Amino acid sequence: MRRLTVLATGPQALVQDLGRPGHAHLGVPPSGALDAPSLTLANRLVGNPEDAAGLELLLGGFTARAHGSCTIAVTGPSAEIRKNGRLVDSHAPIHLAEDDVVQVGTPRTGLRCYLAASGGIDVDKQLGSRSTDVLSGIGPAPLKVDDVLPLGTPGVPTGEDVVPPVNAPQELAIPIVLGPRDDWFEQPAEQLRRGRWTMSDRSNRVGARLDGTALQRKQNGELPSEGLVTGAVQIPPNGLPVIFLNDHPTTGGYPVIGVVPAGYLPHIGQARPGVKVRFQPVE
Amino acid sequence: MLLRRCGTDAVLVEVDSLGQVAAVRAALQGIPEVVELVPAARTVLVVGGLAQVRQKLENIDLSAPPQTDKQKIVIPVHYDGPDLELVADTANLTKEQVVELHTGATYEVAFCGFAPGFGYLTGLPEPLQQPRLDEPRTKVPAGSVGIAGEYTAAYPRATPGGWRLIGRTEITLFDPRADRPTLLAPGDEVRFEVAG
(Lines give C-alpha, C1' and ligand atoms only; values in the text may rest on other atoms or scores of the structure.)
Protein backbone atom coordinates (compact mmCIF):
# COMPACT_ATOMS: atom_id res chain seq x y z
CA MET A 1 0.00 0.00 0.00
CA ARG A 2 1.32 3.48 -0.86
CA ARG A 3 1.74 5.56 2.27
CA LEU A 4 3.69 8.30 4.02
CA THR A 5 5.32 7.85 7.43
CA VAL A 6 5.58 10.96 9.58
CA LEU A 7 9.15 11.62 10.83
CA ALA A 8 8.57 15.14 12.27
CA THR A 9 5.36 17.16 12.68
CA GLY A 10 6.43 20.74 13.39
CA PRO A 11 4.13 22.78 15.71
CA GLN A 12 0.91 21.25 14.29
CA ALA A 13 0.21 18.94 11.35
CA LEU A 14 -3.42 18.08 10.60
CA VAL A 15 -5.31 16.12 7.98
CA GLN A 16 -7.69 18.54 6.23
CA ASP A 17 -10.05 18.42 3.28
CA LEU A 18 -12.90 20.83 2.56
CA GLY A 19 -14.67 19.94 5.81
CA ARG A 20 -18.13 18.77 6.79
CA PRO A 21 -20.58 21.65 6.26
CA GLY A 22 -24.26 20.79 6.77
CA HIS A 23 -24.07 19.42 10.32
CA ALA A 24 -24.28 22.66 12.33
CA HIS A 25 -27.81 21.81 13.52
CA LEU A 26 -26.29 18.80 15.31
CA GLY A 27 -23.64 20.96 16.98
CA VAL A 28 -20.90 19.89 14.55
CA PRO A 29 -18.57 22.64 13.18
CA PRO A 30 -17.71 22.77 9.45
CA SER A 31 -13.93 22.36 9.91
CA GLY A 32 -11.78 21.95 6.75
CA ALA A 33 -8.62 23.66 5.46
CA LEU A 34 -8.36 27.30 6.64
CA ASP A 35 -6.71 28.28 3.36
CA ALA A 36 -8.88 26.13 1.10
CA PRO A 37 -7.62 27.67 -2.20
CA SER A 38 -4.09 26.51 -1.31
CA LEU A 39 -5.29 22.96 -0.57
CA THR A 40 -7.33 22.69 -3.78
CA LEU A 41 -4.34 24.00 -5.74
CA ALA A 42 -2.04 21.38 -4.18
CA ASN A 43 -4.59 18.71 -5.08
CA ARG A 44 -4.75 19.89 -8.70
CA LEU A 45 -0.95 19.82 -8.94
CA VAL A 46 -0.86 16.11 -8.05
CA GLY A 47 -3.90 15.09 -10.13
CA ASN A 48 -6.34 14.74 -7.20
CA PRO A 49 -9.94 15.89 -7.05
CA GLU A 50 -9.98 19.30 -5.32
CA ASP A 51 -11.73 17.91 -2.24
CA ALA A 52 -9.13 15.21 -1.51
CA ALA A 53 -7.59 15.28 1.96
CA GLY A 54 -4.10 16.76 2.36
CA LEU A 55 -2.02 18.02 5.25
CA GLU A 56 -2.26 21.46 6.86
CA LEU A 57 1.19 22.23 8.24
CA LEU A 58 1.48 25.07 10.76
CA LEU A 59 4.86 26.84 10.45
CA GLY A 60 6.59 23.96 8.69
CA GLY A 61 8.99 21.62 10.46
CA PHE A 62 7.34 18.61 8.83
CA THR A 63 9.20 15.56 7.51
CA ALA A 64 7.81 12.37 5.98
CA ARG A 65 9.12 9.24 4.24
CA ALA A 66 7.42 7.73 1.18
CA HIS A 67 6.59 4.04 0.90
CA GLY A 68 5.80 3.23 -2.71
CA SER A 69 6.05 6.05 -5.24
CA CYS A 70 3.83 9.11 -5.15
CA THR A 71 3.64 12.67 -6.38
CA ILE A 72 3.34 15.44 -3.81
CA ALA A 73 3.03 19.23 -3.96
CA VAL A 74 3.36 21.85 -1.24
CA THR A 75 1.44 25.12 -1.55
CA GLY A 76 0.57 28.13 0.62
CA PRO A 77 3.28 30.62 1.56
CA SER A 78 6.77 30.12 0.16
CA ALA A 79 8.84 27.61 2.16
CA GLU A 80 11.99 25.57 1.58
CA ILE A 81 11.12 22.07 0.42
CA ARG A 82 13.81 19.40 0.44
CA LYS A 83 13.81 15.94 -1.09
CA ASN A 84 16.47 13.71 0.48
CA GLY A 85 18.12 16.90 1.77
CA ARG A 86 18.26 18.70 -1.60
CA LEU A 87 16.21 21.81 -2.33
CA VAL A 88 13.26 21.30 -4.71
CA ASP A 89 10.43 23.60 -5.80
CA SER A 90 7.34 24.33 -3.81
CA HIS A 91 4.12 24.94 -5.79
CA ALA A 92 5.11 22.25 -8.29
CA PRO A 93 4.67 18.48 -8.46
CA ILE A 94 7.51 16.53 -6.79
CA HIS A 95 7.96 12.83 -7.49
CA LEU A 96 8.88 10.63 -4.54
CA ALA A 97 10.16 7.06 -4.91
CA GLU A 98 10.35 4.37 -2.23
CA ASP A 99 12.17 5.67 0.91
CA ASP A 100 12.49 9.24 -0.36
CA VAL A 101 12.25 11.78 2.46
CA VAL A 102 10.50 15.13 2.03
CA GLN A 103 10.99 18.07 4.41
CA VAL A 104 8.82 21.19 4.58
CA GLY A 105 10.65 24.18 6.09
CA THR A 106 9.21 27.14 7.96
CA PRO A 107 7.36 29.49 5.61
CA ARG A 108 8.93 32.96 5.19
CA THR A 109 5.55 34.65 5.62
CA GLY A 110 2.16 33.34 6.65
CA LEU A 111 1.34 30.34 8.79
CA ARG A 112 0.06 27.31 6.93
CA CYS A 113 1.48 25.23 4.08
CA TYR A 114 -0.58 22.51 2.41
CA LEU A 115 0.85 19.19 1.28
CA ALA A 116 -1.16 17.07 -1.15
CA ALA A 117 -0.12 13.57 -2.17
CA SER A 118 -1.38 11.70 -5.23
CA GLY A 119 -4.42 9.64 -4.24
CA GLY A 120 -5.09 11.84 -1.22
CA ILE A 121 -4.66 11.01 2.48
CA ASP A 122 -6.99 8.02 2.77
CA VAL A 123 -7.94 7.91 6.45
CA ASP A 124 -11.56 7.05 7.38
CA LYS A 125 -14.17 9.76 6.94
CA GLN A 126 -16.19 11.00 9.89
CA LEU A 127 -19.45 12.78 9.07
CA GLY A 128 -18.45 12.87 5.42
CA SER A 129 -15.00 14.40 5.90
CA ARG A 130 -11.43 13.47 6.86
CA SER A 131 -10.76 16.86 8.50
CA THR A 132 -9.49 17.18 12.06
CA ASP A 133 -11.76 19.44 14.09
CA VAL A 134 -9.70 20.76 17.00
CA LEU A 135 -12.78 22.07 18.85
CA SER A 136 -14.89 18.91 18.80
CA GLY A 137 -12.23 16.22 18.48
CA ILE A 138 -13.85 14.84 15.32
CA GLY A 139 -11.59 13.31 12.66
CA PRO A 140 -8.06 11.97 13.02
CA ALA A 141 -5.94 13.17 15.95
CA PRO A 142 -3.22 15.77 15.20
CA LEU A 143 -0.33 13.92 13.55
CA LYS A 144 2.44 12.41 15.67
CA VAL A 145 5.87 11.05 14.81
CA ASP A 146 5.62 7.51 13.34
CA ASP A 147 2.03 7.97 12.18
CA VAL A 148 1.38 6.15 8.91
CA LEU A 149 -0.80 7.93 6.37
CA PRO A 150 -2.34 5.64 3.74
CA LEU A 151 -2.73 7.13 0.24
CA GLY A 152 -5.72 6.48 -2.01
CA THR A 153 -5.78 5.52 -5.67
CA PRO A 154 -3.96 8.18 -7.72
CA GLY A 155 -5.72 10.07 -10.50
CA VAL A 156 -4.25 11.24 -13.78
CA PRO A 157 -1.75 14.07 -13.23
CA THR A 158 -2.56 17.18 -15.23
CA GLY A 159 1.06 17.72 -16.28
CA GLU A 160 3.67 20.22 -15.21
CA ASP A 161 2.19 23.18 -13.47
CA VAL A 162 3.95 25.83 -11.44
CA VAL A 163 2.15 28.62 -9.66
CA PRO A 164 3.24 31.56 -7.49
CA PRO A 165 3.13 31.10 -3.71
CA VAL A 166 0.80 32.94 -1.36
CA ASN A 167 2.42 36.15 -0.10
CA ALA A 168 0.88 36.75 3.32
CA PRO A 169 0.73 40.51 3.98
CA GLN A 170 1.93 42.19 7.17
CA GLU A 171 -1.25 44.31 7.32
CA LEU A 172 -4.81 43.22 6.72
CA ALA A 173 -7.76 45.46 5.80
CA ILE A 174 -10.54 43.00 6.49
CA PRO A 175 -13.89 43.52 4.74
CA ILE A 176 -16.86 43.11 7.08
CA VAL A 177 -20.60 43.08 6.38
CA LEU A 178 -22.46 44.55 9.38
CA GLY A 179 -25.00 42.38 11.21
CA PRO A 180 -26.70 40.42 12.59
CA ARG A 181 -26.21 42.26 15.94
CA ASP A 182 -24.63 45.57 14.90
CA ASP A 183 -27.54 47.24 16.72
CA TRP A 184 -25.88 46.29 20.03
CA PHE A 185 -23.12 48.82 19.31
CA GLU A 186 -22.92 52.61 19.13
CA GLN A 187 -21.97 53.63 15.56
CA PRO A 188 -20.75 50.14 14.66
CA ALA A 189 -19.32 51.02 11.24
CA GLU A 190 -17.47 54.03 12.66
CA GLN A 191 -16.04 52.04 15.58
CA LEU A 192 -14.86 49.28 13.23
CA ARG A 193 -13.32 51.79 10.80
CA ARG A 194 -11.45 53.68 13.51
CA GLY A 195 -10.21 50.71 15.55
CA ARG A 196 -6.70 49.28 15.20
CA TRP A 197 -5.76 45.73 16.13
CA THR A 198 -3.04 43.13 15.91
CA MET A 199 -3.47 39.39 15.46
CA SER A 200 -3.13 37.69 18.84
CA ASP A 201 -0.96 34.63 19.50
CA ARG A 202 -4.05 33.06 21.09
CA SER A 203 -5.56 32.61 17.64
CA ASN A 204 -6.20 29.10 16.33
CA ARG A 205 -8.50 27.17 13.98
CA VAL A 206 -11.48 28.03 16.20
CA GLY A 207 -11.02 31.77 15.89
CA ALA A 208 -8.63 34.62 15.12
CA ARG A 209 -8.40 36.74 18.25
CA LEU A 210 -7.52 40.41 17.98
CA ASP A 211 -5.73 42.65 20.49
CA GLY A 212 -6.25 46.41 20.38
CA THR A 213 -9.30 48.69 20.40
CA ALA A 214 -12.14 47.48 22.66
CA LEU A 215 -15.49 48.04 20.95
CA GLN A 216 -18.16 49.81 23.00
CA ARG A 217 -21.58 48.23 23.35
CA LYS A 218 -24.74 50.19 23.93
CA GLN A 219 -26.39 47.31 25.77
CA ASN A 220 -24.96 44.80 28.19
CA GLY A 221 -25.89 41.22 28.88
CA GLU A 222 -26.01 38.18 26.66
CA LEU A 223 -28.26 36.97 23.89
CA PRO A 224 -29.98 33.63 23.99
CA SER A 225 -27.46 31.47 22.10
CA GLU A 226 -27.83 31.71 18.32
CA GLY A 227 -26.25 30.10 15.26
CA LEU A 228 -22.84 31.34 14.12
CA VAL A 229 -21.45 31.40 10.57
CA THR A 230 -17.76 30.99 9.70
CA GLY A 231 -16.37 34.53 9.53
CA ALA A 232 -18.67 35.87 12.26
CA VAL A 233 -16.97 38.64 14.26
CA GLN A 234 -18.11 38.14 17.83
CA ILE A 235 -17.56 40.75 20.52
CA PRO A 236 -17.20 39.23 24.02
CA PRO A 237 -17.55 41.42 27.15
CA ASN A 238 -13.91 42.61 26.94
CA GLY A 239 -14.73 44.28 23.59
CA LEU A 240 -11.94 42.52 21.64
CA PRO A 241 -13.14 40.95 18.37
CA VAL A 242 -12.92 37.22 17.68
CA ILE A 243 -13.23 36.19 14.01
CA PHE A 244 -14.61 32.67 13.93
CA LEU A 245 -12.75 30.27 11.64
CA ASN A 246 -13.59 26.75 10.44
CA ASP A 247 -13.60 24.90 13.80
CA HIS A 248 -15.92 27.49 15.43
CA PRO A 249 -18.67 26.53 17.89
CA THR A 250 -22.02 26.26 16.08
CA THR A 251 -23.83 28.60 18.50
CA GLY A 252 -22.82 31.47 20.76
CA GLY A 253 -24.33 34.04 23.11
CA TYR A 254 -22.19 37.14 22.52
CA PRO A 255 -23.26 39.65 19.87
CA VAL A 256 -21.87 39.29 16.34
CA ILE A 257 -21.24 42.81 15.00
CA GLY A 258 -20.54 41.66 11.44
CA VAL A 259 -19.38 38.86 9.17
CA VAL A 260 -16.20 38.61 7.06
CA PRO A 261 -17.06 37.33 3.55
CA ALA A 262 -15.95 33.73 3.02
CA GLY A 263 -13.63 34.66 0.15
CA TYR A 264 -11.41 36.70 2.48
CA LEU A 265 -11.04 34.13 5.27
CA PRO A 266 -8.02 32.29 3.76
CA HIS A 267 -5.97 35.48 4.33
CA ILE A 268 -6.91 35.40 8.02
CA GLY A 269 -5.86 31.74 8.23
CA GLN A 270 -2.41 32.86 7.04
CA ALA A 271 -2.04 35.91 9.34
CA ARG A 272 0.73 35.54 11.91
CA PRO A 273 0.50 36.90 15.44
CA GLY A 274 1.46 40.58 15.36
CA VAL A 275 0.03 41.24 11.88
CA LYS A 276 -1.76 44.62 11.88
CA VAL A 277 -5.52 44.50 11.36
CA ARG A 278 -8.12 47.08 10.30
CA PHE A 279 -11.74 46.52 9.35
CA GLN A 280 -13.41 47.91 6.23
CA PRO A 281 -17.19 47.88 6.64
CA VAL A 282 -18.77 47.10 3.24
CA GLU A 283 -22.34 47.20 1.98
CA MET B 1 -40.36 37.91 12.66
CA LEU B 2 -37.19 39.80 11.79
CA LEU B 3 -34.57 38.87 9.19
CA ARG B 4 -31.09 39.90 10.22
CA ARG B 5 -28.27 40.00 7.70
CA CYS B 6 -25.48 37.56 8.43
CA GLY B 7 -22.74 38.15 5.85
CA THR B 8 -23.28 37.72 2.14
CA ASP B 9 -25.05 34.34 1.98
CA ALA B 10 -26.78 33.81 5.32
CA VAL B 11 -29.64 35.28 7.31
CA LEU B 12 -30.65 35.04 10.97
CA VAL B 13 -34.43 34.68 11.31
CA GLU B 14 -35.44 36.11 14.69
CA VAL B 15 -38.78 35.14 16.25
CA ASP B 16 -40.48 35.34 19.66
CA SER B 17 -40.67 31.78 20.96
CA LEU B 18 -39.35 28.24 20.67
CA GLY B 19 -42.65 27.30 19.01
CA GLN B 20 -42.06 29.86 16.26
CA VAL B 21 -38.46 28.61 15.90
CA ALA B 22 -39.85 25.12 15.25
CA ALA B 23 -42.32 26.50 12.67
CA VAL B 24 -39.55 28.37 10.79
CA ARG B 25 -37.25 25.35 10.86
CA ALA B 26 -40.01 23.08 9.54
CA ALA B 27 -40.94 25.52 6.76
CA LEU B 28 -37.33 25.80 5.55
CA GLN B 29 -36.41 22.14 5.70
CA GLY B 30 -35.70 20.37 2.43
CA ILE B 31 -34.63 23.38 0.33
CA PRO B 32 -31.69 21.91 -1.63
CA GLU B 33 -29.80 25.23 -1.82
CA VAL B 34 -29.79 25.63 1.98
CA VAL B 35 -26.41 24.46 3.33
CA GLU B 36 -27.05 24.95 7.05
CA LEU B 37 -30.31 25.34 9.00
CA VAL B 38 -29.51 25.97 12.65
CA PRO B 39 -32.37 26.49 15.10
CA ALA B 40 -31.58 28.04 18.49
CA ALA B 41 -33.61 29.57 21.34
CA ARG B 42 -35.13 32.53 19.44
CA THR B 43 -33.51 32.33 16.03
CA VAL B 44 -32.97 30.12 13.00
CA LEU B 45 -29.72 30.63 11.10
CA VAL B 46 -30.03 29.86 7.39
CA VAL B 47 -26.96 29.59 5.14
CA GLY B 48 -27.51 29.48 1.37
CA GLY B 49 -30.66 29.50 -0.77
CA LEU B 50 -31.69 32.97 0.43
CA ALA B 51 -34.04 33.68 -2.51
CA GLN B 52 -36.03 30.52 -1.82
CA VAL B 53 -35.88 31.18 1.93
CA ARG B 54 -37.36 34.67 1.60
CA GLN B 55 -40.14 33.29 -0.59
CA LYS B 56 -41.01 30.54 1.92
CA LEU B 57 -41.01 33.01 4.81
CA GLU B 58 -43.43 35.39 3.05
CA ASN B 59 -46.47 33.21 3.69
CA ILE B 60 -45.37 31.27 6.75
CA ASP B 61 -47.88 30.61 9.55
CA LEU B 62 -45.78 30.92 12.72
CA SER B 63 -48.58 29.56 14.90
CA ALA B 64 -48.89 26.29 12.98
CA PRO B 65 -47.24 23.35 14.71
CA PRO B 66 -44.64 21.82 12.40
CA GLN B 67 -45.61 18.63 10.60
CA THR B 68 -42.32 16.82 10.27
CA ASP B 69 -41.16 13.27 10.81
CA LYS B 70 -39.79 13.12 14.29
CA GLN B 71 -37.99 10.30 15.97
CA LYS B 72 -39.14 9.07 19.36
CA ILE B 73 -36.23 8.33 21.66
CA VAL B 74 -36.14 6.90 25.18
CA ILE B 75 -33.06 7.56 27.30
CA PRO B 76 -32.46 5.26 30.31
CA VAL B 77 -31.04 7.16 33.29
CA HIS B 78 -29.46 6.18 36.62
CA TYR B 79 -30.81 8.94 38.85
CA ASP B 80 -27.80 9.28 41.17
CA GLY B 81 -26.42 12.67 40.08
CA PRO B 82 -24.36 14.82 42.46
CA ASP B 83 -26.98 17.62 42.44
CA LEU B 84 -30.11 15.47 42.82
CA GLU B 85 -30.49 16.48 46.47
CA LEU B 86 -29.95 20.17 45.67
CA VAL B 87 -32.62 19.96 42.95
CA ALA B 88 -35.05 18.20 45.32
CA ASP B 89 -34.43 20.75 48.10
CA THR B 90 -34.83 23.70 45.72
CA ALA B 91 -38.14 22.31 44.44
CA ASN B 92 -39.25 21.31 47.95
CA LEU B 93 -39.69 17.72 46.76
CA THR B 94 -38.23 14.33 47.62
CA LYS B 95 -35.60 12.83 45.33
CA GLU B 96 -38.16 10.22 44.29
CA GLN B 97 -40.59 12.96 43.27
CA VAL B 98 -37.86 14.65 41.18
CA VAL B 99 -37.29 11.36 39.34
CA GLU B 100 -41.06 10.92 38.83
CA LEU B 101 -41.35 14.42 37.36
CA HIS B 102 -38.32 14.04 35.10
CA THR B 103 -39.40 10.64 33.75
CA GLY B 104 -43.08 11.62 33.53
CA ALA B 105 -42.65 14.42 31.00
CA THR B 106 -42.32 14.28 27.21
CA TYR B 107 -39.58 16.50 25.82
CA GLU B 108 -38.71 17.94 22.44
CA VAL B 109 -35.22 18.64 21.07
CA ALA B 110 -35.51 22.40 20.56
CA PHE B 111 -32.01 22.72 19.16
CA CYS B 112 -28.46 21.35 19.40
CA GLY B 113 -25.30 23.27 20.22
CA PHE B 114 -22.50 23.65 22.75
CA ALA B 115 -20.97 20.33 21.59
CA PRO B 116 -21.75 17.76 18.89
CA GLY B 117 -24.92 15.90 19.85
CA PHE B 118 -25.77 18.14 22.82
CA GLY B 119 -29.55 18.63 22.51
CA TYR B 120 -31.44 21.29 24.44
CA LEU B 121 -34.71 19.56 25.46
CA THR B 122 -37.81 21.57 26.30
CA GLY B 123 -40.84 20.38 28.22
CA LEU B 124 -39.19 20.35 31.65
CA PRO B 125 -41.80 20.41 34.47
CA GLU B 126 -41.89 23.80 36.16
CA PRO B 127 -40.53 22.72 39.60
CA LEU B 128 -37.40 21.42 37.85
CA GLN B 129 -36.74 24.69 36.02
CA GLN B 130 -33.83 25.79 38.18
CA PRO B 131 -30.76 28.01 37.74
CA ARG B 132 -27.29 26.81 36.82
CA LEU B 133 -24.72 26.10 39.55
CA ASP B 134 -22.97 29.17 40.97
CA GLU B 135 -19.61 27.55 40.18
CA PRO B 136 -19.54 25.58 36.92
CA ARG B 137 -17.72 22.23 37.07
CA THR B 138 -14.46 22.11 35.11
CA LYS B 139 -15.36 18.59 34.00
CA VAL B 140 -18.81 17.08 33.65
CA PRO B 141 -18.52 13.34 32.87
CA ALA B 142 -19.90 12.05 29.56
CA GLY B 143 -23.47 10.77 29.91
CA SER B 144 -24.38 13.17 32.73
CA VAL B 145 -28.04 14.23 32.68
CA GLY B 146 -28.67 17.77 33.88
CA ILE B 147 -31.14 20.61 34.08
CA ALA B 148 -30.72 24.38 33.59
CA GLY B 149 -33.44 26.99 33.17
CA GLU B 150 -36.17 25.66 30.90
CA TYR B 151 -33.93 22.90 29.49
CA THR B 152 -32.76 19.40 30.31
CA ALA B 153 -29.94 17.65 28.46
CA ALA B 154 -27.48 14.76 28.46
CA TYR B 155 -23.77 15.51 27.96
CA PRO B 156 -22.44 13.56 24.92
CA ARG B 157 -18.88 13.74 26.24
CA ALA B 158 -16.87 15.18 29.10
CA THR B 159 -16.85 18.99 28.98
CA PRO B 160 -16.93 21.85 31.46
CA GLY B 161 -20.50 22.66 32.47
CA GLY B 162 -22.72 24.43 34.98
CA TRP B 163 -25.93 22.44 34.77
CA ARG B 164 -27.38 20.76 37.86
CA LEU B 165 -26.70 17.04 37.40
CA ILE B 166 -29.44 14.64 38.43
CA GLY B 167 -28.29 11.40 36.80
CA ARG B 168 -26.29 9.66 34.11
CA THR B 169 -27.02 7.57 31.04
CA GLU B 170 -24.93 4.93 29.31
CA ILE B 171 -26.58 5.51 25.92
CA THR B 172 -24.30 6.75 23.09
CA LEU B 173 -25.25 10.35 22.27
CA PHE B 174 -22.52 11.04 19.69
CA ASP B 175 -20.54 8.68 17.46
CA PRO B 176 -18.81 10.42 14.53
CA ARG B 177 -18.35 7.07 12.73
CA ALA B 178 -22.02 6.09 12.80
CA ASP B 179 -24.46 6.63 9.91
CA ARG B 180 -26.57 8.67 12.29
CA PRO B 181 -23.83 10.38 14.30
CA THR B 182 -26.02 12.05 16.91
CA LEU B 183 -28.79 10.34 18.86
CA LEU B 184 -30.77 13.58 18.98
CA ALA B 185 -31.73 16.01 16.20
CA PRO B 186 -33.95 19.12 16.39
CA GLY B 187 -37.64 18.21 16.53
CA ASP B 188 -37.15 14.73 18.01
CA GLU B 189 -39.39 13.60 20.88
CA VAL B 190 -37.57 12.36 23.99
CA ARG B 191 -38.56 10.63 27.22
CA PHE B 192 -36.37 9.55 30.13
CA GLU B 193 -36.87 6.30 32.05
CA VAL B 194 -35.28 4.83 35.15
CA ALA B 195 -32.46 2.52 33.98
CA GLY B 196 -32.99 -1.12 34.95
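Analyst: Asn48(A) touches Asn43(A), Ala117(A), Ser118(A), Gly119(A) and Gly120(A), leaving aside residues up to four places away in sequence, where contact means heavy atoms within 4.5 Å. This is a predicted model, in which local features need pLDDT of at least 70 and side-chain atom pairs count only at pLDDT 80 or more, while totals for chains, interfaces and linings use all residues. Residues are numbered from 1 along each chain as its sequence is written, chains are lettered from A in the order in which they are written, and side-chain values use heavy atoms, with hydrogens and water left out.

User: Is Asn48(A) buried or exposed?

Analyst: Asn48(A) counts as buried because its relative accessibility is 8%, and buried means under 20% relative accessible area with a 1.4 Å probe, protein chains only.

User: And what does its side chain reach at 2.9 Å?

Analyst: The side chain of Asn48(A) reaches the backbone oxygen of Ala117(A) at that distance, 2.9 Å.

User: Switching to pockets, how much space lies in the largest one?

Analyst: About 1,200 Å³ lies in the largest pocket. Among its 42 lining residues, the closest to the centre are Ser225(A), Thr251(A), Gly252(A), Gly253(A) and Phe114(B). A pocket here is an open set of points on a 1 Å grid over the protein atoms alone where a 1.4 Å probe fits, with protein on both sides within 12 Å along at least five of seven lines, and lining residues have an atom within 4 Å of a point.

Note on methods: Points joined across faces, edges and corners; volume = space filled by probe spheres on them. Buried < 20%, exposed > 50% of the residue type's maximum accessible area, 1.4 Å probe, protein only. Polar contact = N/O pair within 3.5 Å; in protein donor to acceptor, adjacent residues only side chain to side chain.
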